[in-house]
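This report is a first walk through one protein structure. It starts with the whole chain and then turns to a few of its parts.

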Amino acid sequence: MTLNLDSQATKDIQLQDSMGLDESLNPKTGEKRTVGPIAYLFMWIGDGVNLGNMTLGASLVVAGIATLNIFQTFAAAIIAIGIISTVFALNDRLGYRSGIPYVVQLRMSFGVQGSVISSLLRGIPAIIWYGFQSWIGGTALNEIAKIVTGGKFDSVVICFIVLQLVQILLSLYGFHAIKWVEVVTSIVIMLALVYVFGVLLTSHSAVITDKWVHAKGTWGLPFFAFIMMFLGNYAAIFLSAGDYSRELKSGISDAKRGFLYFSPILIAYGLTLAIGAMLASATGISNPVKAFAIVVDNPYITFFVSAFIVMGAVAVNMVANIIPPTYVITLLTKLKYKAAVTITGLLALCSFPWLLVQDSSAKGLGMFILIYSAFLGPIVSILLIEYYILRKQKVNIADLYNNDGPFAGYNPCAMIAMIIGAAAAFTIVELAWIIGFIVAGIAYILLMKFAFKDSKFKKGTIFEGK
């Protein structure tokens with residue numbers, strides 16, 4: 001079993017850490033875990049009900065024609081959600097049991113120095129997503145400003161900057177702020193989207209039926225590519241699953257945690273994917289905010305819908321795109337949490353999110369997801385094999401915090417396996433995540449067994465002494 005830590009053990013780890021990590025990276029003990037199951041469920045609903053996922057649905061419509069019909073869309077979604085929930089529940093276990101964050105978990109496979117590269121591969125996509133969600137939210141905030149000023153104010157850039165500054169202020173309060181923001185926004189946003197869904201059904205059903213529901217679609221490569229894009233959309237999040245599960249109150253079984261992932265993702269994604277595809281079918285525009293303004297031709301309703309979109313952008317950023325890169329910056333720079341979270345927000349301002357989605361196409365977003373998932377698939381595969389197969393779920397957590405201990409340096413087997421997996425993933429970029437996941441996993445087992453005979457990273461594994 002993984003070592004569970006009490007307060008004294010946590011103090012011992014703090015003393016062992018010669019590099020002086022910020023206290024936010026120390027293991028979370030029971031009394032510091034404040035998120036219950038209901039709040040956790042709403043947190044993932046709030047994360048799923050966002051414009052990025054809606055844009056993913058809109059990406060199915062290219063030049064006015066859907067590449068997948070409604071049945072193929074939801075078949076792909078259910079397959080992807082099943083995989084996501086399973087990987088989430090498996091990869092969150094170490095963080096849940098021990099309270100350590102993802103950047104420390106990485107040391108188990110990649111080593112203290114090696115974890116720097118793998119943590120950056122998680123942090124950089126999150127920062128870009130942070131900027132993208134804020135840009136979508138800024139677009140919606142601009143719609144509100146235009147209504148309030150009678151069209152006198154019209155600047156998405158200013159709204160983007162203002163919204164980003166607000167999010168930086170909120171994120172300074174950590175998970176305490178996240179919990180309450182998610183509960184409130186997830187309920188409000190779901191109600192708003194149900195309304196929009198009704199408007200689309202009653203006013204645009206004919207064109208939606210023609211362009212999406214009855215589209216010929218395909219069960220070929222585009223179908224599997226959409227599953228991979230779906231997985232890629234969550235690849236960064238379930239890779240750092242420990243960053244979230246370490247905040248969850250103890251005593252919840254693996255099966256129940258799996259349910260806390262599957263059900264909210266299914267509800268949130270089902271609704272947002274459908275609305276995204278419906279909006280793109282009805283308007284021919286891939287940017288959901290601009291499509292909303294056309295579909296809901298009423299300034300009062302547009303005001304409230306836009307407000308909910310802003311809330312949704314904040315909600316998903318608070319969960320998925322702020323904490324993980326903040327931990328990475330804290331690890332690399334030794335800065336305190338508040339300084340690191342501020343830098344994360346400022347970097348998101350410079351991510352050029354408007355380049356990912358144009359009015360006519362969301363292909364840029366889809367390609368971005370597929371490319372970075374080529375690296376994240378291999379990393380999560382290596383972590384799962386390390387924890388479940390090589391170490392049989394037995395890890396000395398204190399060693400992970402000892403920078404001169406058995407995990408010092410870098411593990412060449414993990415680094416090489418990651419590169420092999422990513423290289424294989426790029427052979428068919430539409431299937432990047434699954435190819436990288438499988439190839440890297442096989443490569444890691446073979447390398448750990450047959451290569452680098454004297455590697456200290458074999459200590460404590462089934463290959464120790466071989």
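## Basis

This is a predicted model, in which local features need pLDDT of at least 70 and side-chain atom pairs count only at pLDDT 80 or more, while totals for chains, interfaces and linings use all residues. Residues are numbered from 1 along each chain as its sequence is written, and side-chain values use heavy atoms, with hydrogens and water left out.

## The chain as a whole

The protein chain holds 21 helices and two strands; these are DSSP runs, numbered from the N terminus (helices: H or I, at least four residues; strands: E, at least two). Of its 466 residues, 60% are buried. Buried means under 20% relative accessible area, exposed over 50%, and partly exposed in between, with a 1.4 Å probe and protein chains only.

Among contacts (heavy atoms within 4.5 Å) with a separation of 6 or more, 85% join residues 24 or more positions apart.

## Helix α16

Helix α16 spans residues 323-333, and nine of its 11 residues are buried, so it is largely enclosed by the rest of the structure. The buried residues include Ile 323, Pro 324, Tyr 327 and Leu 331.

Thr 73 lies in helix α4, residues 70-91. Thr 73 is buried, at a relative accessible area of 1%. Apart from neighbours within four places in sequence, Thr 73 is in contact with Leu 60, Leu 68, Trp 212 and Phe 226.

α4 packs against helix α13 (residues 254-283) at about 150 degrees, with the axes 9 Å apart. Axes are lines fitted to C-alpha atoms, for helices over the stretch in contact, and angles run from 0 to 180 degrees between N-to-C directions. The two helices, α4 and α13, are therefore roughly antiparallel, a term for angles over 145 degrees. Residues making this contact include Phe 74, Ile 81 and Phe 88 of α4 and Tyr 261, Ile 265 and Leu 273 of α13.

## Two loop residues with positive phi

Most residues other than glycine have a negative phi. Lys 334 is not a glycine, yet its phi is positive, about 65 degrees. Lys 334 sits in the loop between α16 and α17, and is partly exposed at 28% relative accessibility.

Gln 393, also not a glycine, has a positive phi of about 65 degrees. The loop holding Gln 393 runs between α18 and α19. At 19% relative accessibility, Gln 393 counts as buried.

Note on methods
Angles under 35 degrees count as roughly parallel, over 145 as roughly antiparallel, 65 to 115 as roughly perpendicular and the rest as oblique.
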